[in-house]
Amino acid sequence: MEYTEFKSASELIKICKEKRKGVGKIVISNSASDLDTTQKELKAEMKSRITIIRESIQKGLKISKRSKSGLSGGDAKKIDSYAKKSYTKVSKTNPLLGKTLLKAIKYSFAIMEQNARFGRIVALPTAGSAGTVPGALFAAADDLKLSDSKLIDSMFVAGGIGMITGENAMLAGATGGCQAEVGTASAMAAGALTSMRGGSPKQIFDAAAIALKGLLGLVCDPIAGLVECPCVKRNSTAISNSYMASELVLAGVESNVNFDEVLVAMNNVAKLMAPELKETARGGLAISQTGKEVAERLGIGN
Amino acid sequence: MNWSIFDIVGPVMIGPSSSHTSGAVRLGLFARYLIGGLPTKADIYLHGSYAQVYKGHGTDIALVAGLLGHSPDDENAINSLEEAKKLKLQYSFHLTDLGADYHPNTAKFELRRDDEKLEVIGESIGAGNIQIVEINKIRTNCIDGKYRAIIVSQLDKPGIIASVSDILSTKKINIAQMTVSRNGRGKEALSVLNIDNGVSQEIMEAIERVPAVNWAKLLPKLT
C-alpha cells in the first residue's frame, strides 16, 4: 500500500476514506515503513506485548497484600470474587454495572497494582495509565469472543490515537496533568472499542473526542508522588468513560468538537494548569489530610 | 510523526512510572554509554517534578539502575542502590532548579570514570521517551534513541566532520540525520550522527583516530 503520512485525526480519517481501509490497517502499514519492518513482524511484536500484559494481569490478580504505603493492593482480587458471585441471581444487590465493564475494571486494577509494586508492565501510553486500554479491550475481546488478530488490530487503532495525541498535545502528567495520561488512554480505549465493533473512522475519533472531553482538565495529584492514589482507580474512571463514549457513538451520537480540536483544547488547559497539579505532589489529593499523613509516614516530603 | 506505535504501546518496563522510572533508567543508561561504561562517581541533580516526587516513583533507583547498565524491563533494577555499593559506584542525589528552559522531568549527571569526566543533561518527555539535551554544557539535538547514534566530541575546526563521514561512507553506513553544535569557535564541538546500520568497534576506533577527535561513543536504538 502506498505510504501516506498522517499527523492528525482528520488526516487519518481522510486517508482511510480514500484508501477504503480501517484505522488499524493504516496505522500498521505506516508503522511498518516508519520502523523499516514488515507488518507481520509488527503484529508479532504487538502480540508479544499483549502476552506480557496478560501476565501482568494474572500476577496482579494474585496480589493480596497492601503496598508499603497502604494505598493499593488486593483490590483486583476483591473485584474478582465479587464478580464471580454477583451475576448469578436477580436481587437488590445485583451489580448495576455490566459484566464486561466490571471485568475491564478488574483487569485494570490487576495491572495497576502490579505496576505499583515495581512489577513488569507495558506502559500504555504511560505506566500511570497502563490499566485503561488493556482493561477495556481485553475484557471486550473476551466477551465478544474476538480473535487475537482482531484484538491486535484494535491495539493499533488505540496506538494511532495515542500517536496523534503525543504529536499534537502531550502524554506526560508533568506537562499536561492526568488528562494527558489517563485522559489519553481513555480516548485510545474508546476509539479502539468502537473500531472493534465495526465503527467508522469518524465514529472512532468521535468516541475518542467524547472520552477525552469528559476528562479534560483532570489534574495529576498523586499522594506522596506514588502511582497509587488516585491513579489505580482513575484508570477505572477512564475505562467506564471509554465504554460510555463508544456506546454513545454507536447509538448515533456525534461529538460537537472533533478530536483534533479537543487536542488543541487540552494544550490550552495544560498551559493554564498550575505546576502544583502536574505530577509534583504539591496540590489536590496530594495535600489532603490523608495525603500528607501518608507522605509523612513514608518519609516522603518536600 | 515523532511518535511510533511502540512508543505508545510500550515500553515494556518495571513500574511504577513511565516518565519517572522507565525514562529515568534510559537516561542513566545513555549517560553510561556516553562515558563508556560504569562510572566510578555520579552526582545526579534532579530538576522539576523529578526533584519533587523522585522517592515515591523510585526515580533514584531507576537512574542508578541505568548507570549500572540495566534496561527498563529488567526486574533486577529494583536492587540498584545496593548493587551500586557492591560495584563501587559512588552516587549522590541533589535537588536543583535548572530553570524554565528544561522539561519538568530532567536529570543532570556529573560523572567520573577514573580520570574521565562528563556532564550530561537528559529529559524524560513522556511515555518513557527521552532526549539528551546537553553534553559538557553543549546543547545537543536529536539524541533520543529513535536511531542508533554516534556521538563525536571534537575540536571545532574544518575537515573533521568530512573525515568522520568518509569513514562511514567507505563502510556503507547511511547517515539518516546529522547535527553539530559547539560552545564557541575553536572550542569543543559535538556531532550527533543518527544512522541506519549497525556499527562495529573497528569503525568507532577509526573515528577516534581522526586528529582532533576527543572521543566517539555509540548509542543504541531504543525499542
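Biologist: What area is buried between chain A and chain B?
Modeller: About 3,600 Å². Carbon and sulfur atoms give 64% of that. Keep in mind that this is a predicted model.

Biologist: How many residues does each chain bring to the contact?
Modeller: Chain A brings 51 residues, and chain B brings 37 residues.

Biologist: Switching to polar links. How many residue pairs are in polar contact between the chains?
Modeller: The count is 15 residue pairs, with both residues at pLDDT 80 or more.

Biologist: And which elements of chain A supply at least two residues to the side touching chain B?
Modeller: Helices H2 (23-34), H3 (39-61), H5 (99-116), H7 (148-168) and H8 (173-176), plus strand E1 (120-122). H7(A) gives the largest share, nine residues.

Biologist: How many salt bridges cross the interface?
Modeller: The rule finds one. A:Arg120 meets B:Asp73 there, side chain to side chain, at 3.8 Å from N to O.

Biologist: What about strands? How many bridges join E1(A) to strand E1 of chain B?
Modeller: Three, and the two strands run antiparallel. The chain B strand covers residues 12-14.

Biologist: Which residue in E1(B) is the bridge partner of A:Arg120?
Modeller: B:Ile14. So A:Arg120 has a strand partner in B:Ile14 and a salt-bridge partner in B:Asp73.

Conventions: Residues numbered from 1 in each chain as written. Chains lettered and ligands numbered in written order. Predicted model: local features only at pLDDT ≥ 70, side-chain atom pairs only at ≥ 80, totals over all residues. Heavy atoms only, no water. Contact = heavy atoms within 4.5 Å. Buried area = accessible area lost by both parts, 1.4 Å probe. Salt bridge = Lys/Arg side-chain N within 4 Å of Asp/Glu carboxyl O. Polar contact = N/O pair within 3.5 Å; in protein donor to acceptor, adjacent residues only side chain to side chain. Helix = DSSP H or I, 4+ residues; strand = E, 2+ residues; numbered from the N terminus. Pairing = 2+ DSSP bridges.
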